[in-house]
Amino acid sequence: RQNIQDLASVVGATERLLRAELAKQAEQLRSEIESDRAKASHTTAELVRVTCTNAEVRQRLQDAENKMQDRALELSTVKLSLAAFVKDMQASIRESEQRQRDGAA
């Protein structure tokens, strides 16, 4: 009878140790899962932030390219106007020089 009680006591102690170890490992797994979940959430937030920043940079670049195209068009228009003005001035100078020659002759 004493051996049965000793055996039951050993079995009970072993069971308690195994349950405690199982509870410890389960808590460690929960902790690791929660940590991984927090990391994934942080990574997702960073990805969203980077994606938004990337889209913003892309939009700013597109706006800058559009402005450059507008400025290039304006510059071309100014160059054409300046060329026409110079041509008119050269013609006026030639006419003036011709009149002076005609008047001197």
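This is a predicted model: local features need pLDDT of at least 70, side-chain atom pairs count only at pLDDT 80 or more; totals for chains, interfaces and linings use all residues.
## Overall form

Helix 1 covers residues 2–104, and the protein chain has 105 residues. Along its principal axes, the C-alpha trace spans about 155 × 15 × 10 Å.

The radius of gyration of the protein chain is 45 Å, whereas a compact globule of 105 residues would have a value near 13 Å.

## Surface and burial

Of the 105 residues, 1% count as buried. The accessible surface of the protein chain comes to about 9,800 Å². Carbon and sulfur atoms account for 59% of that surface.

A nonpolar patch lies on the surface, formed by Leu82, Phe85, Val86, Met89 and Ile93. Together these residues have about 450 Å² of accessible area. Ile93, one of the members of the patch, lies in helix 1. Ile93 has a relative accessible area of 44% and is therefore partly exposed, since a residue counts as exposed only over 50% and as buried under 20%.

## Charges

The protein chain carries 17 positive and 17 negative charges.

Side chains of opposite charge can pair when their charged atoms come close. The structure holds six salt bridges, and three of them are described below.

## Salt bridges along the helix

Arg30 and Glu27 meet through their side chains in a salt bridge, with a distance of 3.0 Å from N to O. These two residues are three residues apart in helix 1, so about one helical turn separates Arg30 from Glu27. Arg30 counts as exposed, at 52% relative accessibility, while Glu27 is partly exposed, with a relative accessible area of 44%.

A salt bridge also joins the side chains of Glu34 and Arg37, at 3.3 Å from N to O. Both residues lie in helix 1, three residues apart, which is about one turn of the helix. Glu34 is partly exposed, with a relative accessible area of 45%, and Arg37 counts as exposed at 52% relative accessibility.

In the salt bridge between Glu74 and Arg71, the closest N and O atoms are 3.7 Å apart. Glu74 and Arg71 are three residues apart in helix 1, so their separation is about one helical turn. The relative accessible area of Glu74 is 45%, and this residue is partly exposed.

Key: Residues are numbered from 1 along each chain as its sequence is written. Side-chain values use heavy atoms; hydrogens and water are left out. Patches are made of residues with over 30% relative accessible area and no salt bridge: like charges are joined within 9 Å, nonpolar side chains (Val, Leu, Ile, Met, Phe, Trp, Tyr) within 5 Å. Accessible areas come from the Shrake-Rupley method with a 1.4 Å probe; for residues, only the protein chains shown count as cover. A salt bridge is a side-chain nitrogen of Lys or Arg within 4 Å of a carboxyl oxygen of Asp or Glu. Helices (H or I, at least four residues) and strands (E, at least two) are DSSP runs, numbered from the N terminus. Buried means under 20% relative accessible area, exposed over 50%, partly exposed in between (1.4 Å probe, protein chains only). The radius of gyration is taken over C-alpha atoms; the globule rule is 2.2 Å times the number of residues to the power 0.38. Lys and Arg count as positive and Asp and Glu as negative; His and the chain ends are not counted. The place of a charge is taken as NZ of Lys, CZ of Arg, CG of Asp or CD of Glu.
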